[in-house]
Amino acid sequence: MNRILRRAMQDSDRFVIEMDYADAKGNRTHRLVSPIRFMGSYRFLGLCLSREQPRQFQLSRCKNLRLVPAETVLMPVPMGTWEG
């Protein structure tokens, strides 16, 4: 997971992250995020392309991360629910 995030952070013009995320209340969403930097060993700061705002994400709540070519993403991105 950290390897994927690092790649997107280092090459932010080319990649964003697609992932499933569960918030503190257990609400699950499917998101596209442009990661900015790690904030300690358990979370990262990223631009949520659905909300068009910076957000902090706990790594333990992130699932199914994958790199997506940034050129294929148009903002704002609709946020989907995750049925996982």
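Mentor: Happy to. Let me begin with a term we will want later on: a polar contact is a pair of N or O atoms within 3.5 Å, and within protein one of them must be able to donate a hydrogen and the other to accept it. Please keep in mind too that this is a predicted model.

Here is the setting. The protein chain has one helix and six strands, and along the sequence they follow the pattern α-β-β-β-β-β-β. Of its 84 residues, 39% count as buried. Among contacts with a separation of 6 or more, 54% are between residues 24 or more positions apart. The accessible surface comes to about 5,300 Å², and carbon and sulfur atoms hold 46% of that.

Now to the aromatic rings, where the count comes to two pairs. Take Tyr21 and Phe57: their ring centres are 5.0 Å apart and their planes meet at 85 degrees, so this pair is edge-to-face, the cut-off being over 60 degrees. Tyr21 belongs to strand E1 (residues 15-22) and Phe57 to strand E4 (residues 53-58), so the pair links distant parts of the chain, 36 residues apart. Both Tyr21 and Phe57 are buried.

The other pair is Phe44 with Phe57. These rings have their centres 5.2 Å apart and their planes at 25 degrees, so they count as stacked, which requires under 30 degrees. This pair also links distant parts of the chain, with Phe44 in strand E3 (residues 43-48) and Phe57 in strand E4, 13 residues apart. Phe44 counts as buried because its relative accessibility is 1%, where the limit is under 20%. Phe57 is buried as well, at 1% relative accessibility. Tyr21, Phe44 and Phe57 form one aromatic cluster.

E3 and E4 run antiparallel and are joined by six bridges, and Leu47 stands opposite Pro54 in E4. The two strands form a hairpin with four residues between them, and in the turn Glu52 has a positive phi of about 55 degrees.

Setting aside neighbours within four places in sequence, Pro35 is in contact with Leu5, Ala8, Met9, Ile17, Phe44, Leu45 and Gly46. Met9 is 26 residues from Pro35 in sequence, yet their C-alpha atoms are 5.6 Å apart in space. With a relative accessible area of 4%, Pro35 is buried.

Finally, go back to strand E1, which also holds Glu18. Its relative accessible area is 16%, so Glu18 counts as buried, the limit being under 20%. This is where the polar contacts come in: the side chains of Glu18 and His30 are joined by one of 2.7 Å, and the Glu18 side chain makes another, of 2.5 Å, with the side chain of Arg66. Leaving out neighbours within four places in sequence, the residues in contact with Glu18 are His30, Arg31, Leu32, Asn64, Leu65, Arg66 and Val68.

Methods. Residues are numbered from 1 along each chain as its sequence is written. This is a predicted model: local features need pLDDT of at least 70, side-chain atom pairs count only at pLDDT 80 or more; totals for chains, interfaces and linings use all residues. Side-chain values use heavy atoms; hydrogens and water are left out. Buried means under 20% relative accessible area, exposed over 50%, partly exposed in between (1.4 Å probe, protein chains only). Contact means heavy atoms within 4.5 Å. Accessible areas come from the Shrake-Rupley method with a 1.4 Å probe; for residues, only the protein chains shown count as cover. Rings of Phe, Tyr and Trp (its six-membered ring) pair if their centres lie within 6.5 Å; planes under 30 degrees apart count as stacked, over 60 as edge-to-face and the rest as tilted. Two strands pair if DSSP finds at least two bridges between them.
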